[in-house]
Amino acid sequence: MALITHERGSVLVDAGQSPGHAREIRAALTAAGLPEPRWLVYTHHHWDHVWGACAWPGVQIVGHLAGERLLRAEAARPWSHRYLREQVRAEPRLGPSFRARALAMDSWDDFAVLPPTRTFTDELELPTGVRLRHVGGRHAPDSTVVLVPDSGVMLLGDCFYPPPWHLRQDGDAPDLALVRRLLDDRYHWYVSSHADPMTLDEARAAVQG
Ligand SMILES: [Zn+2]
């Protein structure tokens, strides 16, 4: 997750993996005296990026159109620990993802999967100057990178990761060519969702093919 603070309202990038996780982050933002998020941007529709959304009141949720369609379907599923167990029994490849969801969720009360309320297809600029650029790719069709020009930071989400485990095929690997295309001298930091931030030089070295 990332928070881009701004006097017009902060931009929160990804919601947290559960309402409980989101509430912890919210408490930390309040304790740090940071402004409440006004926009919540999804880097993509995967559960660990969006399941906390229902614990962020008053935000406009912004996401790519392809993710909105997928999240509508996700929102209609009868999520519970029992449902997760049944789904894994029917399709064992779902195990790693669904077991992680079961561990992340301590209560399903008031839980809802929230599709974005504002969608875009190619690019969108928020009033704070934060820019969203759809890149798609094998990890998720709605993968979006978030550009913060005045900080020189590019938030990559999971865009270059291989597909999730239950969809992975032989030969799937990180899409380094996608990252190479994104590298830009005006951006000094490259931050993916599940790894330490990299400087431009580190990112260049990491994607050299
Ligand atoms: Zn993902």
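Cys159 is buried, with a relative accessible area of 2%. Buried means under 20% relative accessible area, exposed over 50%, and partly exposed in between, with a 1.4 Å probe and protein chains only. Cys54 is partly exposed at 28%. A search of the whole structure finds 0 disulfides, a disulfide being a pair of cysteine sulfur atoms within 2.5 Å.

This is a predicted model, where local features need pLDDT of at least 70, side-chain atom pairs count only at pLDDT 80 or more, and totals for chains, interfaces and linings use all residues. Residues are numbered from 1 along each chain as its sequence is written, and side-chain values use heavy atoms, with hydrogens and water left out.

Now the metal. The zinc ion has His44 (NE2), His46 (ND1), His139 (NE2) and Asp158 (OD) as its protein donors, at 2.1 to 2.3 Å. Donors are N, O and S atoms within 2.8 Å of the metal (3.2 Å for Na, K and Ca); water is not among the atoms, so sites may look incomplete. The spacing of the donor residues in sequence is H-x1-H-x92-H-x18-D. His44 sits in the loop between β3 (37-41) and α2 (47-50), and His139 in the loop between β7 (131-134) and β8 (144-148), so the pair ties together parts that are 95 residues apart in sequence. Helices (H or I, at least four residues) and strands (E, at least two) are DSSP runs, numbered from the N terminus. Both His44 and His139 are buried.

Ser10 belongs to strand β2 (residues 10-13). Ser10 is buried because its relative accessibility is 0%. Beyond its neighbours within four places in sequence, Ser10 contacts residues including Leu3, Pro35 and Trp39. Contact means heavy atoms within 4.5 Å.
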